[in-house]
Protein chains: 2
Amino acid sequence: MSSTALLPWRLVLASASPRRRQLLQGLDLPLEITHVDIDETPPPGMPHEQVAEHLAHQKADAFAGGLAPDQVLVTADTTVLIEGQLLNKPEDEADARRMLGILAGRTHEVITGVCLRSVERTLCFSDVARVTFTPLTAEEIAYYVARHHPLDKAGAYGVQDWVGYVAVERIEGSFYTVMGLPMHRVYAGLKELARR
Amino acid sequence: MSSTALLPWRLVLASASPRRRQLLQGLDLPLEITHVDIDETPPPGMPHEQVAEHLAHQKADAFAGGLAPDQVLVTADTTVLIEGQLLNKPEDEADARRMLGILAGRTHEVITGVCLRSVERTLCFSDVARVTFTPLTAEEIAYYVARHHPLDKAGAYGVQDWVGYVAVERIEGSFYTVMGLPMHRVYAGLKELARR
């Protein structure tokens with residue numbers, strides 16, 4: 001049996017996230033990294049549930065490079081929702097502690113929006129996972145923020161670092177959606193684009 | 001705020017699994033690796049649900065080294081259950097393809113049993129997660145087995161490698177239980193042992 005790649009694509013990931021890079025590398029396809037800059041403020045009045053996909057779309061539209069016929073551009077955005085609030089990246093360590101205090105002992109939703117763009121077509125979608133945290137003491141929250149500096153992460157946590165280990169007791173949905181890319185849907189989307 | 005470790009333990013992990021080592025390192029505690037050899041055949045008639053914890057216990061009992069008062073021995077075993085069948089490590093690549101054919105398009109249970117042993121006390125428990133796979137083509141299964149050689153893994157798959165990316169569409173429970181250590185329960189157990 002051949003072990004060459006099953007899909008004909010070379011991927012271009014427009015993201016500064018080392019987690020997304022690590023995940024996408026796992027598809028065994030050639031991968032190039034670039035980045036785009038957009039204003040991440042959601043349009044006023046947009047429902048929270050739509051923000052991640054909207055921003056992923058904005059990122060795809062902001063990509064100025066060209067694509068070869070065998071290339072797919074991948075953009076994504078991840079948001080954290082709890083009890084009607086949207087948690088973005090924390091402003092500083094105090095804000096990170098505040099966010100973790102909200103998440104501790106509760107269930108929240110993580111929504112990752114993705115756009116896949118080939119020269120012929122753009123596929124955008126979003127995927128939701130529910131994440132339940134154990135209660136955390138103030139000392140645990142302070143320890144995590146001081147030691148792991150989660151300021152670049154929506155909701156002030158990384159599911160694949162210390163607080164993900166000690167506090168995430170349950171996930172319903174895809175772990176990789178929480179980490180920043182719903183991999184099974186990215187793979188299905190790449191297959192879909194290859195059908196054209 | 002101090003960022004010294006929150007728990008007083010040095011850990012001794014008796015496991016050959018690089019995944020367990022990587023996870024346990026994430027607790028920010030000193031970690032030493034050792035290994036134990038046991039016969040992994042479950043006792044005849046033991047319910048499948050009890051096998052993982054039983055084997056974790058056997059591994060703790062097989063540890064011949066001594067423990068200092070600030071050390072905790074960690075042992076674990078992971079089993080995969082589907083429709084009343086227990087899937088162990090595959091015997092060869094054909095067996096791995098057979099197992100993945102059973103898992104594809106279905107939901108299975110992953111049970112990880114853990115024992116934590118200090119000089120004073122042993123805590124054992126097991127944790128269950130439900131994992132749903134998308135359908136997989138014969139080509140995808142053959143590709144994965146040929147390229148990723150999942151022969152050292154119960155059920156012939158790694159949730160953190162290619163097939164985990166493309167085929168795991170849903171988890172209910174802890175992702176880390178599927179990876180080989182229910183980290184939130186390990187952390188809670190280490191806190192519990194520290195109370196004595």
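Predicted model: local features only at pLDDT ≥ 70, side-chain atom pairs only at ≥ 80, totals over all residues.
Hi everyone, let me start inside chain B, with helix H3, residues 93-103: its buried residues are B:Ala96, B:Met99, B:Leu100 and B:Leu103. Looking down the axis of H3(B), you see these buried residues fall within an arc of 100°, so they line one face of the helix.

What do the buried residues of H3(B) pack against? The partners, within chain B, are strand S3 (71-82), strand S4 (85-87), strand S5 (107-117), strand S6 (122-133) and helix H4 (138-148). Just after H3(B) comes B:Gly105, with a positive phi of about 75°.

A:Ala156 is one of them, at about 65°. You can find A:Ala156 in the loop between H4 and H5 of chain A.

B:Asp28 sits in the loop between helix H1 (18-25) and S2 of chain B. B:Asp28 has 19 C-beta neighbours inside 10 Å, so this residue counts as partly exposed.

While we are in chain B, have a look at B:His35, in the loop between strand S2 (31-34) and helix H2 (48-62). This histidine has 13 C-beta neighbours inside 10 Å and therefore counts as partly exposed. Leaving aside residues up to four places away in sequence, B:His35 touches B:Ala14, B:Ser15 and B:Ala16. B:His35 and B:Lys59 are 24 residues apart in sequence, and their C-alpha atoms are 8.9 Å apart in space.

Now for the two chains together. How many residues of each chain are in contact with the other? For chain A it is 31 residues, in contact with 31 residues of chain B. On chain A, at least two residues of that side come from each of helix H4 (138-148), helix H5 (162-167), strand S7 (168-173), helix H6 (175-179) and helix H7 (183-194). By class, the side of chain A that touches chain B has 17 nonpolar, six polar and eight charged residues.

Strand S7 deserves a moment here. Three bridges join S7(A) to strand S7 of chain B, residues 168-173, and the two strands run antiparallel. Across that pairing, A:Gly173 stands opposite B:Ile171 in S7(B).

Helix H7 of chain A has 12 residues. From first C-alpha to last, H7(A) reaches 16 Å, close to the 16 Å expected at 1.5 Å a residue. The buried residues of H7(A) are A:Met183, A:His184, A:Arg185, A:Val186, A:Tyr187 and A:Leu190.

How are the two copies related? In general, two copies of a chain are related by a rotation about an axis and a shift along it.

Methods: Residues numbered from 1 in each chain as written. Chains lettered and ligands numbered in written order. Contact = placed C-beta atoms within 7 Å. Helix = DSSP H or I, 4+ residues; strand = E, 2+ residues; numbered from the N terminus. Nonpolar A, V, L, I, M, F, W, Y, C, P; charged D, E, K, R; others polar. Pairing = 2+ DSSP bridges. Buried ≥ 20, exposed ≤ 12 C-beta atoms within 10 Å, placed from the backbone. Arc of directions from axis to C-beta. Expected span 1.5 Å × (residues − 1).
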